[in-house]
Amino acid sequence: MSEIDHFFTLLMQQEEEGLLCPVMSHGNVHFLWIKHSNLYLVATTNKNSNASLVYSFLYKLVEVFTEYFKELEEESIQDNFVVVYELLDELMDFGFPQTTDSKILQEYITQQGNKLEVAKTKVPTTVTNAVSWRSEGIRYKKNEVFIDVIESINVLVNANGSVMSSDIVGSIKLKTMLSGMPELRLGLNDRMLFALTGRDKGKTVTMEDVKFHQCVRLSRFESDRTISFIPPDGESELMSYRINTHVKPLIWIESVIEKFSHSRVEIMVKAKGQFKKQSVANNVEIRVPVPSDADSPKFKTSTGHAKYVPEKNLVVWSIKSFPGGKELLMRAHFCLPSVENHETEGRPPITVKFEIPYFTVSGIQVRYMKIIEKSGYQALPWVRYITQSGDYQLRTNT
């Protein structure tokens, strides 16, 4: 137990040397740590443990504590240390992760101290079931499942207008409101599945780095690419994936900066929606960097409104809805101090935030969702597609 005393000494030492490392060793003990707000979560091991497992567990710990305490910080640990002990007792045994699903834990570890004693006597059978993420006896009047296919686009465009790097990071999220223990089968337009069945027709996608929720039967997916599972109740992320492909920037930005005799600067930004006319980008935010010594801003926009954020040296142009194929303009005028700034500042890139509903860049589609439950009820699957900006940067000429 005293080994943890060496952790902060090592941490301070590495911080001073500027060599912070996620794994640190003292003698034959290794510290694997993460930082969340003002807390350090540290796992210790004296074996050659699986580091990926340890970090997955530490991040899961943050997730469970956040579910319980809403905010995870020093105070929430101090105020709830009894619950923290209870949770750690259930989350891990003898160094092996156990029940890590917060919905299941909340069934028998509650935050009211007086309830804890009662809860201990009756541990839900879920904990000892093969299906540890779903309780038995769930009942809904109306059986429905909502599927959200969310794709984030990461794009980096250089100052000459060439796309340097781009990829799509996708996630399929579920909100399940189904009675009993249903078996679900999800069909996507997955290229490998189509090749296996010899039906290589229509648009297909090749997914990489596919990561599934523990409920998915991996052996079944590996043998015939079927995504088959008994879903957790309520909200969950079923899977995430990456598609390494050349993405055309959906919102194209051109900017012209003119400096006049070191006393004022004019910035003109043109934004073009390079997506289908029937689609609309919502809550668009274009962040344009400006010189740090700029003041007295004046703006003119064809749509939306612009505001100056001096503490970040940015102009934020907000557009509520941006239809595909449209071109929009924003002009900004700033005064500069008469004293010339000899130090040429580096120009950070323009960044863009947006969300386009009913649309995916990759063309991924939910082809079917089969719901099978022994009582034979009819259930409705609902599908929604959303594309949003991830790390979306356009560099500009200085």
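Reader: How many aromatic pairs does a search of the whole structure find?

Author: In this predicted model, the search finds 13 aromatic pairs.

Reader: Why is the pair of W33 and Y40 called tilted?

Author: The ring planes of W33 and Y40 stand at 50°. Stacked requires under 30 degrees and edge-to-face over 60, the rest being tilted, so the pair is tilted. The ring centres are 5.7 Å apart, and the limit for a pair is 6.5 Å.

Reader: What makes the pair of F146 and W382 stacked?

Author: The angle between the planes of F146 and W382 is 15°, and planes under 30 degrees apart count as stacked. Their centres are 6.5 Å apart. The pair links distant parts of the chain, with F146 in strand β6 and W382 in strand β21, 236 residues apart.

Reader: Why do F146 and W382 count as partly exposed?

Author: The class spans the range between 20% and 50%. F146 is at 29% relative accessibility and W382 has a relative accessible area of 42%, so each is partly exposed.

Reader: How do you know that K370 lies over the face of Y368?

Author: K370 lies at 4.9 Å from the ring centre of Y368, and the distance criterion is within 6 Å.

Key
Residues numbered from 1 in each chain as written. Predicted model: local features only at pLDDT ≥ 70, side-chain atom pairs only at ≥ 80, totals over all residues. Heavy atoms only, no water. Phe/Tyr/Trp six-rings, centres within 6.5 Å; stacked < 30°, edge-to-face > 60°. Helix = DSSP H or I, 4+ residues; strand = E, 2+ residues; numbered from the N terminus. Buried < 20%, exposed > 50% of the residue type's maximum accessible area, 1.4 Å probe, protein only. Lys NZ or Arg CZ within 6 Å of the ring centre and 35° of its normal.
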